[in-house]
Amino acid sequence: MADDVVPYDLKDEHVLRRIKKNDPSITFMQFDFTYSEGLFGQESHYFATSVDWGKEQWSFFENSHLACITIDIYIRDNENKSKNAKAKDRENIRSFARALARNRSIRDIRFDVSDSLGDECIIGDVFKLLSPMFGRLHKFEMINTHLDDNSAQKLKMAIESCGGESEMQEVELACNYITNEQSGIILDAINGHWNKLKKIKWDSDNGEGLFGASPGVIALANLVSNPSSVLEELDLGRDDWKMDEELEGGSAFATALSNNKKLKVVNLGCTVIFSERELQTVSSILNHNSIEELYLYGQQIGVEGMNGIAQGLTNNTSLKELNLNGCGGVTSTCWASLSNAIKNNPALPLKRLHISNSALRDEVAVSIASILIGNKSLKELTLGGNWDLRDEVLIELSNALANNKSLTTLDLGDIHVTTERRIIDDQSAGIKALSCILCNSSSIDATFRSNHTLQIVSMDVINDNYRSAVVPQLADMLQLNGNNDKFEVSRQKILRCHFHEYDTQEFVDMELEVLPHALAWCGGDYRGPTLLYRLVQSQASLFDSNSRAATKRKRSE
């Protein structure tokens, strides 16, 4: 939605007038119908209830700039209201919908509707009245909404009213109370009439959604397998890590996914729980080289599922992100197969790999670390929440990063170090190894060849009950690495490590033909003039061609 002025203030008497006069500054509006005393402070929301929409039927007709709207309807059955008052409230919302339906510029619409007014679920009437504009919409979003069967049917009718000529490209239904049967009704309507749809986000919050003996899953399988579908993104993921029973219809859905050659993003995290065999079927989608992002977090992948993923990655040339956080039932051998598949496929453009909370053992973490050796695409690696990761693993990761020029983010979460006493951060062998990789101070050449790419390391160091965040020396070098000019990063590290406190000793034994270049190189920033002054002051003989020291040095060279 656009970042334009949003009139929330009830006291703004000119909002409706500006809309009717086609004010170009108003492209996004939030209409709040709140019928509950004391729910919100009246100074913080623009209440659409303050308008008699029966008298404002043509408010939106001439407007050509309003593009995005949010409709919030929060209703509690107020026992103090008469039947006539409740009927008046319902009719005012219907009048608003009639007025809105006359607008031809709105492309994005979002509903947030809580509960019903009296014994009616008003959202169904709103769908029906807004059906004339459904064919023009590009995005339809509905959150926190309770649908009854009648409302689901009216939404179906509104979708079907488009007659296959819809411009709809994105649908998001999140945290709604929708039953399996209602899901099937809505998805079947979408499948037959929203033919330009590219993205679906579906997240039911009623504990049922697309689970069990689900018509919704069958309808979704039909949509995904529709040869005329242009769907590119399917998001069924949840963030609450809720595990559910295997669904009926999962096999048909898995087969539909495996045969789809147009999907670019698939999120099956936590919501749809397949069997291992079905997950192996799903992984076949990697064979089509169209999938770019695959999210399987929270799935019980098992041996068959992981072997299928590894096999799919062997020749894949499209996948950019793989999320396997919280995946269980995977053996060390399977994780090794995954690592080998990634390492042995240089054409794989994988940029982000997430394997947190997966109970990785040390040998698995070492295998994952080996992916970094020579890798040119991976930018983000997440291994947090794996409690068996210890100091030795950090050493292996550091060694793998020695010549890596792609990884910018490393998330290790909690890492245990093997010290007998309370940890002092820089005493950890793993942290020392990582610090050395970021800035090897053994020589100027070693510093120049250090890792100048890694910018973020998320890590908590733990020993018994002691916890410490990433140590300061790492933070300093990581901050330097944030500069896109990597030659300048190496220069800054060399100056800090080898010329700290303006130490000029490094110049004394430098080859004569190299010295002018080194002086020019050192003088490149605000520290340069001071460093050069200290050098001339302490080693004046280097710059006096008549001095004995200079003459002797020339002869010896």
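## A tour by side chain

Start at F448, which is partly exposed, with a relative accessible area of 37%. The model is predicted. Keep both residues displayed; the tour returns to them.

**Aromatic pairs**

How many aromatic pairs does a search of the whole structure find? The search gives 15. Select F134 and F140: their ring centres are 5.6 Å apart and their planes meet at 50°, so this pair counts as tilted. Are these two residues buried or exposed? F134 is buried, at 0% relative accessible area. F140 is buried too, at 2%.

Go back to F448 and F487. Here the ring centres lie 6.2 Å apart with planes at 75°, so the arrangement is edge-to-face. Colour the helices next. F448 belongs to helix 14 (residues 444–448) and F487 to helix 16 (residues 486–498), so the pair ties together parts 39 residues apart in sequence.

**An aromatic cluster and a charge over a ring**

Select F31, F33, W53, F60 and F96. Together they form one aromatic cluster.

Move to W58 and R102. Which part of R102 sits over the ring of W58? It is the charged end, 4.2 Å from the ring centre.

**D72 and its surroundings**

Select strand 2, residues 68–75; D72 is found there. D72 is buried, because its relative accessibility of 13% is under the 20% cut-off. Show its contacts. Setting aside neighbours within four places in sequence, D72 touches Q30, F31, D32, F33 and D112. Two of these names, F31 and F33, are members of the aromatic cluster.

Which residue's side chain makes a polar contact with the side chain of D72? Pick Q30: the distance is 2.6 Å. Then draw a line from the C-alpha of D72 to the C-alpha of F33. The line spans 5.9 Å, though the two residues are 39 apart in sequence.

**Last stop: cysteines**

Select C68 and C162. C68 is buried at 8% relative accessibility. C162 is likewise buried, with a relative accessible area of 10%. How many disulfides does a search of the whole structure find? The count is zero.

Key:
Residues are numbered from 1 along each chain as its sequence is written. This is a predicted model: local features need pLDDT of at least 70, side-chain atom pairs count only at pLDDT 80 or more; totals for chains, interfaces and linings use all residues. Side-chain values use heavy atoms; hydrogens and water are left out. A disulfide is a pair of cysteine sulfur atoms within 2.5 Å. Buried means under 20% relative accessible area, exposed over 50%, partly exposed in between (1.4 Å probe, protein chains only). Helices (H or I, at least four residues) and strands (E, at least two) are DSSP runs, numbered from the N terminus. Contact means heavy atoms within 4.5 Å. A polar contact is a pair of N or O atoms within 3.5 Å; within protein, one must be able to donate a hydrogen and the other to accept it, and residues adjacent in sequence count only if both atoms are side-chain atoms. Rings of Phe, Tyr and Trp (its six-membered ring) pair if their centres lie within 6.5 Å; planes under 30 degrees apart count as stacked, over 60 as edge-to-face and the rest as tilted. A charge sits over a ring if NZ of Lys or CZ of Arg is within 6 Å of the ring centre and within 35 degrees of the ring normal.
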